[in-house]
Amino acid sequence: MIQVVWFKRDLRIMDHEPLFQAAARGPVLPLYILEPELWSQPDMSRRQYLFLTDCLHSLNSSLKKLGQELVVQQGDVIEVLSQLHQAYGIDTLWSHQETWNNWTYQRDLRVAAWVKQQSFSWQQPPQFGVIRCLKNRDGWAAKWYTHMNHHLIPPPKALKSLDSSQFSLPTPESLGLMDDGCPRPQSGGRDEALLLLQGFLNHRGKHYTKGMSSPVTAYECCSRLSPHFAFGTVSVREVFQVAQEQSQILKQSNIEHKSLWSSAIRSFLGRLRWHCHFIQKLEDQPNIEYQSMHPGYQKLRGDHFNEDYYQAWCCGLTGYPMIDACMRALIKTGWLNFRMRAMLVSFASYHLWLDWPRFASYLARLFVDYEPGIHYSQIQMQSGTTGMNSIRIYNPVKQSLDQDPEGLFIKKWVPELAHLSKPMIHTPWLSPDKPISYPDPIVDETTARKQAASKLYALRRAPHHKIATDIIIKKHASRKRPQSKRSNRPSPPKQSELPF
């Protein structure tokens, strides 16, 4: 009888409770299942798979040192587990709790039903500070801090060799994952994650608090750990404790720019909590992946969908340089800082009046760090459909002037505008030197913004709106902590600066 540890998005051996617990119970077969049906879903992409392969190679190397390579199987999870049960006899199936997209949610329901019919159990310890079957958010933050301050779980000392099959991974093409414009996304694997963490805390992160907002500085001064959290090469708890330790060291030091570093780490710690805060929303209400959080907004934008607007937005040809630069950068690199992500969603939702479920999967495919709990919560927040968040309509011209005043980011990603002067590069339609190849704005910014705001505020004034909003707040909103408990904990970030 064996212990099967089913790795999903927890591709590490450090701080991995299922692996540690399983190794204490008997021989362990570490398993990763490549599910072709999952990779055919509209939110999955080649760039994500390339990052995954880096992570799996790293995990296999770590497991091999313990004595047992990672077993990679391709197919339906129940068929794979059935074959292993027949071959070995499964005593217990182990995996972390997973809060991911609707496909994996339905798949796990199938697995739970199948396991119930078998003679073994499925143990699922939590991975994040996300709580399953939570009634409301009262006391959630305190429980999150308790989880984050719990000791890290070490890897097992050794694993008994059970399977001698060679570790191999299918090509992206064999899974139907074709070129998506990102030839080499950010590198994956645990070693890369630890290098990023140390580089951020000791070198790159000094200007994080302010630098995260601008795409000119964010690529360098942000931690860039978000894809590693999404694939689990490091745990949020491990990163939290390393950052906390660095914060304590700072308090005892007299280093140059101490206040900048302290602010940066405090901001970073706050965003780790908000990372789990948003995943908790999807855990509590899985249908926010495809339905508006507030039912009153379900038909807000109607059935009409302007395909020309959508295609221009997707390709970075809207006529607004900052929008187009951000989209082109995201297509090419697989990453974009949060404020610019929010601006892209705001422009699509408000200025172009596109229904968010129609473009959410496109953005999901572009993000190497795609995390459904954060992704859909944020898209709904920036589209104004949660009912409880402020309506925030980003003006792309103002964002351009504020976040890229010299036009450096625009010149890099919209090179056809590189010859324009500094004032004109933000509003090329006003310049006589605008190239013919670059389009005029597809909508008038002021008119589109006012029309969208008018519709949203009219809906919010409706008598029935508050009833549903109060229910949503009780279920999903963060809670204020007592003043006496705030001093030693990082302040939550502004809603316009959330965790990427």
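Five strands form an open sheet in the order 3-2-1-4-5, paired in the parallel sense. The model is predicted. Strand 3 (71-74) and strand 5 (121-123) are the edge strands; each has a single partner, so one side of each lacks a neighbour in the sheet. From one strand to the next, the twist averages 30°.

**Sheet pairing and the helices on it**

- Strands of a sheet pair through backbone hydrogen bonds, in either a parallel or an antiparallel sense.
- Strand 1 (residues 2-7) pairs with strand 2 (residues 28-34) in the parallel sense, over five bridges.
- Within this pairing, valine 4 stands opposite leucine 29 of strand 2.
- Helix 3 (residues 46-66) lies across strand 1 and strand 2. Helix 3 runs at about 170° to strand 2.
- Helix 4 (residues 77-87) also packs on the sheet, where it touches strand 1, strand 2, strand 3 and strand 4 (90-94). The direction of helix 4 makes about 155° with that of strand 2.

**Helix 4 with helix 5**

- Helix 4 has a helix partner as well: its axis and that of helix 5 (residues 102-117) come within 10 Å and cross at roughly 30°.
- An angle under 35 degrees counts as roughly parallel, and helix 4 and helix 5 are therefore roughly parallel to each other.
- Helix 4 passes helix 5 in a right-handed crossing.
- Helix 4 contributes Val77, Ile78, Leu81 and Ser82 to the contact, and helix 5 contributes Arg107, Arg110, Val111 and Trp114.
- By class, this contact of helix 4 with helix 5 has five nonpolar, one polar and two charged residues.

**Helix 11 with helix 12**

- Helix 11 (residues 236-252) packs against helix 12 (residues 258-284) at an angle of about 160°, with the axes 10 Å apart.
- Angles over 145 degrees count as roughly antiparallel, and helix 11 and helix 12 are therefore roughly antiparallel to each other.
- The crossing of helix 11 past helix 12 is left-handed.
- On the helix 11 side, the contact uses Val236, Val239, Phe240, Ala243, Gln244, Gln246, Ser247, Leu250 and Lys251.
- On the helix 12 side, these residues meet Lys258, Trp261, Ser262, Ile265, Phe268, Leu269, Leu272, His275 and Cys276.
- The residues of the contact of helix 11 with helix 12 divide into eleven nonpolar, five polar and two charged.

**Helix 15 with helix 18**

- Helix 15 (residues 338-351) and helix 18 (residues 396-403) pack at about 165°, and their axes are 11 Å apart.
- That angle makes helix 15 roughly antiparallel to helix 18.
- Helix 15 and helix 18 have a left-handed crossing.
- Arg339, Met340, Met343, Phe347 and His351 of helix 15 make the contact with Pro396, Gln399 and Gln403 of helix 18.
- In the contact of helix 15 with helix 18, four residues are nonpolar, three are polar and one is charged.

**Salt bridges**

- Side chains of opposite charge can pair when their charged atoms come close.
- The structure holds 23 salt bridges.
- One of them joins arginine 237 to aspartate 15, with the closest N and O atoms 2.9 Å apart.
- Arginine 237 lies in helix 11, and aspartate 15 lies in the loop between strand 1 and helix 1 (17-25), so the pair ties together parts that are 222 residues apart in sequence.

Notes:
Residues are numbered from 1 along each chain as its sequence is written. This is a predicted model: local features need pLDDT of at least 70, side-chain atom pairs count only at pLDDT 80 or more; totals for chains, interfaces and linings use all residues. Side-chain values use heavy atoms; hydrogens and water are left out. Two strands pair if DSSP finds at least two bridges between them. Helices (H or I, at least four residues) and strands (E, at least two) are DSSP runs, numbered from the N terminus. Axes are lines fitted to C-alpha atoms, for helices over the stretch in contact, and angles run from 0 to 180 degrees between N-to-C directions. Contact means heavy atoms within 4.5 Å. Angles under 35 degrees count as roughly parallel, over 145 as roughly antiparallel, 65 to 115 as roughly perpendicular and the rest as oblique. A crossing is left-handed if the near helix is turned anticlockwise from the far one by less than a right angle, and right-handed if clockwise. Ala, Val, Leu, Ile, Met, Phe, Trp, Tyr, Cys and Pro count as nonpolar, Asp, Glu, Lys and Arg as charged, and the others, Gly among them, as polar. A salt bridge is a side-chain nitrogen of Lys or Arg within 4 Å of a carboxyl oxygen of Asp or Glu.
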